[in-house]
Amino acid sequence: MRRNRMDARDPAPEQLLELVAALAATAASEIDCDQLAERIAPFVESLEDGRTRLCSDEARAVEQHLAVCVECREEVDALRAALRDLP
Ligand SMILES: [Zn+2]
């Protein structure tokens, strides 16, 4: 890695935060709508009764996708509503 002598000391906290955020955004756990569909049922069940059915990586991947995809968020909402309507 190239070093700039002026910046060789402590990086600014903002720069570190940006780096961490960029790494998180490009994590290998990133999933698309099809992959989310496979995890949506256990994810919603976990939300409803608080019992974890996904490993933390999977749950994070689902949350990441829901943060950027309105369609899947609506899907989750519909599924949660349906689960609550069960007798
Ligand atoms: Zn989606």
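Which exposed residues does the face of helix 3 turned away from its buried side carry? That face bears S56, E63 and A67. Here a residue is termed buried if 20 or more other C-beta atoms lie within 10 Å of its own, exposed if 12 or fewer do, and partly exposed in between, with C-beta atoms placed from the backbone. The structure is a predicted model, in which local features need pLDDT of at least 70 and side-chain atom pairs count only at pLDDT 80 or more, while totals for chains, interfaces and linings use all residues. Residues are numbered from 1 along each chain as its sequence is written.

The secondary structure of the protein chain consists of four helices and zero strands, where helices (H or I, at least four residues) and strands (E, at least two) are DSSP runs numbered from the N terminus. Along the sequence, the pattern is α-α-α-α. Of the 87 residues in the chain, 7% are buried. Among contacts with a separation of 6 or more, 57% join residues 24 or more positions apart; two residues are in contact if their C-beta atoms, placed from the backbone, lie within 7 Å.

Helix 3 spans residues 56-68 and has 13 residues. From its first C-alpha to its last it reaches 19 Å, close to the 18 Å expected at 1.5 Å a residue; the expected span is 1.5 Å times one less than the number of residues. The buried residues of helix 3 are A61, V62 and H65. Seen down the helix axis, the buried residues of helix 3 fall within an arc of 100°, so they line one face of the helix. The arc is that of the directions from the helix axis to the C-beta atoms. An α-helix has 3.6 residues a turn, so residues three or four places apart point the same way. The cover over the buried residues of helix 3 includes helix 2 (33-49) and helix 4 (70-85).

The two covering helices may be taken in turn. Helix 4 has 16 residues and reaches 23 Å from its first C-alpha to its last, close to the 22 Å expected at 1.5 Å a residue. The number of buried residues in helix 4 is zero, so this helix lies largely in the open.

Two packed helices are described by the angle between their axes and the distance between the axes. Helix 2 and helix 3 pack at an angle of about 110°, with their axes 10 Å apart. Axes are lines fitted to C-alpha atoms, for helices over the stretch in contact, and angles run from 0 to 180 degrees between N-to-C directions. Helix 2 and helix 3 are therefore roughly perpendicular to each other, a description applied to angles of 65 to 115 degrees, whereas those under 35 count as roughly parallel, those over 145 as roughly antiparallel and the rest as oblique. Where the two helices meet, L36, R39 and F43 come from helix 2, and E58, A59, V62 and H65 from helix 3.

The largest nonpolar core comprises five residues, L36, F43, V44, A61 and V62. Such a core is a set of buried Ala, Val, Leu, Ile, Met, Phe, Trp, Tyr and Cys residues joined through C-beta atoms within 7 Å. Helix 2 and helix 3 each supply at least two residues of this core, and helix 2 gives the most, with three residues. Leaving aside neighbours within four places in sequence, V44 is in contact with V76, L79, R80 and L83.

The loop between helix 2 and helix 3 contains L54. With 15 C-beta neighbours inside 10 Å, L54 counts as partly exposed. Apart from neighbours within four places in sequence, L54 is in contact with R39, P42, F43, S46, A59 and V62. P42, which lies in helix 2, is twelve residues from L54 in sequence and 6.8 Å from it in space, C-alpha to C-alpha. P42 has 16 C-beta neighbours inside 10 Å and counts as partly exposed. R53 is also placed in the loop between helix 2 and helix 3, and touches P42, E45 and S46, not counting residues up to four places away in sequence.
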